[in-house]
Amino acid sequence: MTTQPPHPSRSASHLLPRGEKGFSRRTILAAPLALAACDRFASAEPSPPNVPPLKSIAPAPFGTAIKASQIDDPDWVALARANVSQLTPEWEMKMEYILADGLERPNFDRSDRIAAFAQAEGMAMHGHTLIWYAQGKEAFAGLSGAAFDRAFDGYIAAVAGRYRGKVRSWDVVNEPILDDGSGMRDCHWSARYGQDGYILRAFEKARIADPDAILFLNEYNQESVPAKGAQFLKLVERLLKAGCPLQGLGLQSHLWIDIPEGVIAAYMREISQFGLPIHVSELDCTLRTENRLDMRSQADRIAAQGARVTELASAFAALPRAQQFAFTVWGLRDTDSWYRQGDKDDGRDKPLPFDSFGRPNPIAAAIAAGFKTPA
Ligand code: XIL
């Protein structure tokens with residue numbers, strides 16, 4: 001059995017034509033086959049659980065990812081008003097959108113629209129993300145030396161400066177650690193400033209551009225892959241020692257159903273020892289696995305999902321109040337999820353708290369159960 005789930009593309013998928021984004025070809029072929037096979041044994045879907053509005057039971061702000069187009073969807077807006085108090089732009093505040101027309105012509109229309117919506121609704125906003133290994137390569141291609149520095153510093157000054165007073169916090173750097181936890185990623189940023197150097201520089205510039213925002217380092221699978229978690233903790237130690245204005249730690253929490261029991265809770269206890277605010281920043285939990293011989297029913301998958309999500313929510317609820325920054329899901333309805341876009345969509349995955357009609361999914365009940373029983 002694989003230890004990690006099928007993962008949607010981490011590339012600038014919105015800029016690719018349909019069909020190029022998402023799971024590997026192998027997964028696209030395998031997942032529906034495996035799930036179709038389970039289907040024959042699955043019982044009818046149970047009725048949706050009763051779950052109070054999530055923001056009313058969360059120990060901290062409850063957030064969701066947002067795409068600007070969702071502001072035009074009254075069903076989405078109603079669901080967001082009822083359940084969330086914080087928004088993270090899913091992709092329109094990243095270089096993939098802001099720099100789509102190049103460094104000289106930044107596009108802020110959609111992130112401005114999201115910021116205005118947040119303000120009008122009285123919701124907080126979390127900025128995501130300034131510097132990411134996966135983005136900006138094309139826009140910065142051809143720059144070197146002082147010109148590269150001006151573009152790097154200028155980007156952070158322009159973006160973080162524009163949203164000063166409008167965002168509560170920023171993911172300054174996203175995903176600096178290698179998947180297997182063996183070390184730091186090399187990328188177009190580290191090529192110029194070094195593996196820790198680009199992170200230090202980004203935080204310094206963000207601090208200057210927005211002295212009031214809480215500055216986060218954000219990473220996935222640190223809570224679920226022990227080697228990666230250990231590497232993340234070492235990085236945080238080095239950064240703090242070097243005087244980096246790092247103020248918060250983002251655990252993306254893109255979970256899957258085969259994470260061994262106890263790993264998430266143990267990691268939460270470990271990382272809390274820095275005393276910094278913790279953001280569960282992108283929670284979702286796919287029901288899919290890469291193992292095509294996995295014949296578990298949908299009901300069994302949902303039970304496994306619930307156990308992992310309750311473990312996470314309960315570990316978050318057990319943190320000291322001052323360290324509970326926010327608990328954010330990576331979309332509200334299954335059909336909003338990056339797991340359910342284009343070729344990635346098997347039509348059956350239920351990674352998010354609400355179904356396509358906005359009715360609570362079992363995962364919403366699992367979040368509520370975790371909040372209720374801190375552990
Ligand atoms: C994903 C978005 O969901 C997609 O819409 C986007 O095109 C690519 O990125 N880690 C992150 C998020 O920090 O920004 C990613 O979001 C998911 C993984």
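Q: What is the average pLDDT of the chain?
A: The model is predicted, with local features needing pLDDT of at least 70 and side-chain atom pairs counting only at pLDDT 80 or more, while totals for chains, interfaces and linings use all residues. Residues are numbered from 1 along each chain as its sequence is written, and side-chain values use heavy atoms, leaving out hydrogens and water. The chain averages a pLDDT of 91 (the predictor's confidence in each residue, from 0 to 100). 88% of the residues score at least 70.

Q: And where is the pLDDT below 50?
A: Over residues 10–43. That stretch still has 51 contacts in the model beyond near neighbours in sequence (heavy atoms within 4.5 Å).

Q: Strand 9 next. Buried or exposed?
A: Mostly covered: six of its six residues, 324–329, are buried. Buried is under 20% relative accessible area, exposed over 50%, partly exposed in between (1.4 Å probe, protein chains only). Strands are DSSP runs of E, at least two residues, and helices are runs of H or I, at least four, numbered from the N terminus.

Q: Which strands are joined to strand 9?
A: Strand 1 (residues 62–66) runs parallel to strand 9, with three bridges. Thr64 stands opposite Val329 there. Strand 8 (residues 278–286) also runs parallel to strand 9, with four bridges. Pairing takes at least two DSSP bridges.

Q: Is Cys285 buried or exposed?
A: Cys285 counts as buried because its relative accessibility is 0%. Cys187 is buried too, at 13%.
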